[in-house]
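Take a first look at the sequence and the structure below. A short tour follows.

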Amino acid sequence: MIRNTLLLASAFAIPATAAGQSATFSPQRLSQHVQTLGSDAFEGRAPATAGETKTVQYISDQLRAAGVQPGGDLVNGQRQWTQAVPLLKSEWTANPQVAMTIGGKATPLTQGEQIAVRSPTNGDKGLNIDDAELVFVGYGVKAPERNWDDYKGLDARNKILVMLVNDPDFEGGEGDFGGKAMTYYGRWTYKYEEGARQGAKGVLVIHETEPASYGWPTVKNSNTITMFDIVRDNPAAEHPALEGWIQSTLAAQLFSASGTSFEAMKAAAKRRDFKPVPLRATLDVRGDARTEVVTSHNVVGILPGAKRPDETVIYSAHWDHLGIGPADARGDRIYNGAIDNGTGVGHIIEQARAFAAGPRPERSVVFLLVTAEEKGLLGSEYYATHPLYPAGKTAGAINTDVLGVIGPARDYSVRGNQKFGLLDLLQDEASKRGRRFTPDPNAGTGTFYRSDHFTFAKAGIPALTFTPGRDAINGGKARGDAWEVTYRTNMYHQPADEFSPSWDFTGMAQDAELLHAVGLRLANSKDWPNWSQDSEFRAKRDDSAAERAAPAPGERG
Ligand SMILES: [Zn+2]
């Protein structure tokens with residue numbers, strides 16, 4: 001409770017905006033952006049395609065017309081509208097050949113069936129693994145701040161680490177990892193990164209539907225296709241050679257051949273004294289990959305601050321979607337992404353217009369439309385690791401990814417269940433408007449780690465992804481929930497996510513006004529919201545505290 005009180009005290013130190021509306025947003029303009037970006041002419045906005053060229057042009061033109069300045073790469077002393085984002089693309093030339101020797105018995109495996117092996121992104125042109133030893137490492141977690149280490153000095157070199165998905169207290173356990181809610185230690189991306197830090201040859205995550213929150217078809221579909229990553233100076237520091245998943249039935253075979261069982265290993269993995277268990281199994285993989293570097297772009301506009309231009313507030317949304325792909329039942333092959341994320345992009349363009357029209361805030365406001373979110377949050381990760389404006393002096397980031405089209409709602413939400421000062425600020429502005437906060441009902445499935453605010457959070461920047469409410473003024477929660485089911489089932493990541501003239505943009509305009517008030521208040525304050533003491537992002541933010549402590553030149557004495 002003390003922690004919350006402190007956070008609130010910090011948020012309320014920020015001067016409140018005057019009563020009433022902070023800005024006015026046009027539902028008509030929002031609708032126009034979504035219709036244009038979601039039209040077939042934009043070809044589903046896949047990175048590094050003709051669809052990208054059109055999209056980048058449209059957003060740059062709109063930001064210019066909105067009255068903000070280019071905020072991207074500095075070329076010959078001039079900011080461009082874009083930040084170039086080099087991406088490594090990697091795909092199998094043919095299905096890799098995979099086999100295990102389990103308890104002395106040769107067992108061929110089929111890519112996509114018992115195992116899903118990702119095309120390598122560690123810089124290699126394929127995989128050539130012979131007789132690599134398998135070791136079970138529990139949840140594969142090394143969390144010094146939680147006094148947890150599943151490796152206990154294991155020499156992981158040349159070994160394949162087999163680990164459970166989610167974190168050690170998902171099914172109860174000795175550590176504190178937020179209970180059912182997932183910490184970053186539970187995400188598969190963390191598990192690969194930790195495997196690379198341990199120097200392992202590979203990581204295989206054991207799939208189970210409940211702790212993963214999705215079935216094997218999702219694992220198969222998203223791990224056997226073309227892989228992308230940002231181009232890294234040392235990709236092997238982030239990626240082991242082999243990254244993949246195995247079915248739980250195969251894991252059970254591995255355990256029983258090693259004289260134990262799935263149940264026994266799961267029980268052991270919940271304990272702080274868990275030690276790695278060598279498995280009586282080895283792995284062989286052979287496959288060739290085609291790799292190349294392609295260039296995509298983030299689009300960036302800026303409104304320089306009147307008093308402290310070196311301090312920034314970011315509004316962000318991803319512009320990319322899935323491009324052209326397999327036809328649906330109607331024969332449609334264009335994945336328009338009108339809602340995901342034409343809505344978020346339209347919203348950021350209109351924020352730029354509102355900020356440019358109002359009195360200039362003290363801090364700079366950056367309008368950042370990122371690429372390759374659908375390929376693993378890559379555009380925002382590139383920005384966070386190659387920041388155009390220092391992360392330590394970025395006061396906060398407000399991200400929008402999928403906004404509402406069913407009119408105004410009584411409530412609103414954000415992704416995940418982190419506690420931080422920026423959320424307090426949002427809640428304060430929302431309550432002034434009579435809006436009710438609904439906690440994310442899906443926080444346990446790791447929603448916090450699945451949108452672009454997360455890569456800002458990893459860099460320590462307080463960041464949220466706003467999500468629209470479901471308690472609709474017109475039709476209540478029943479209508480809001482029904483729309484959510486329709487969207488998830490019939491539209492999400494399908495060609496049917498296509499503009500409809502029946503959509504109501506008045507709720508989005510209302511949400512935009514709320515988010516404008518939050519960003520404006522932050523942009524006119526000297527305060528620096530932070531993460532709660534128990535947040536995994538707090539330490540990273542505190543690392544840059546000295547940057548924020550130094551008074552700006554002109555403000556000395
Ligand atoms: Zn999205």
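This report covers confidence, the metal site, backbone details and salt bridges.

**Confidence.** The model is predicted. Its protein chain averages a pLDDT of 93. At least 70 is the score of 95% of the residues. Residues 1-12 have a pLDDT below 50. Beyond near neighbours in sequence, that stretch has 19 contacts in the model.

**The zinc site.** Which residues hold the zinc ion? H318 coordinates through NE2, while D340 and D401 each use OD. The distances run from 2.0 to 2.2 Å. Along the chain, the donors follow the spacing H-x21-D-x60-D. H318 sits in strand β16 (residues 308-318), and D340 sits in helix α9 (residues 338-357). The two are 22 residues apart, so this pair links distant parts of the chain.

**Backbone details.** The peptide bond from D340 to N341 is cis, with omega near 10°. N341 is found in helix α9.

Two residues other than glycine have a positive phi. For E43, phi is near 55°. E43 belongs to the loop between α2 (27-37) and α3 (50-66). With a relative accessible area of 31%, E43 is partly exposed. For H493, phi is near 55°. H493 lies in the loop between α13 (476-491) and α14 (506-523). With a relative accessible area of 25%, H493 is partly exposed.

**Salt bridges.** How many salt bridges does the structure hold? The count is 41. The table lists some of them.

| Salt bridge | N to O distance |
|---|---|
| D511 and R435 | 2.8 Å |
| R538 and D542 | 3.2 Å |
| E484 and R470 | 4.0 Å |

D511 and R435 are 76 residues apart and link distant parts of the chain. D511 is in helix α14, and R435 is in the loop between α11 (421-432) and β22 (436-437). Both D511 and R435 are buried.

E484 and R470 also link distant parts of the chain, 14 residues apart. E484 is in helix α13, and R470 is in the loop between β23 (463-468) and α13. E484 is partly exposed at 21% relative accessible area, and R470 is partly exposed at 26%.

R538 and D542 lie in helix α15 (residues 538-543). They are 4 residues apart, so about one helical turn separates them. R538 counts as buried at 17% relative accessibility, whereas D542 counts as partly exposed at 35%.

Salt bridges also form a network: D428, E429, K432, R433, E513 and R521 are linked in it.

How values were computed: Residues are numbered from 1 along each chain as its sequence is written. This is a predicted model: local features need pLDDT of at least 70, side-chain atom pairs count only at pLDDT 80 or more; totals for chains, interfaces and linings use all residues. Side-chain values use heavy atoms; hydrogens and water are left out. Donors are N, O and S atoms within 2.8 Å of the metal (3.2 Å for Na, K and Ca); water is not among the atoms, so sites may look incomplete. Buried means under 20% relative accessible area, exposed over 50%, partly exposed in between (1.4 Å probe, protein chains only). pLDDT is the predictor's confidence in each residue, from 0 to 100. Contact means heavy atoms within 4.5 Å. A salt bridge is a side-chain nitrogen of Lys or Arg within 4 Å of a carboxyl oxygen of Asp or Glu.
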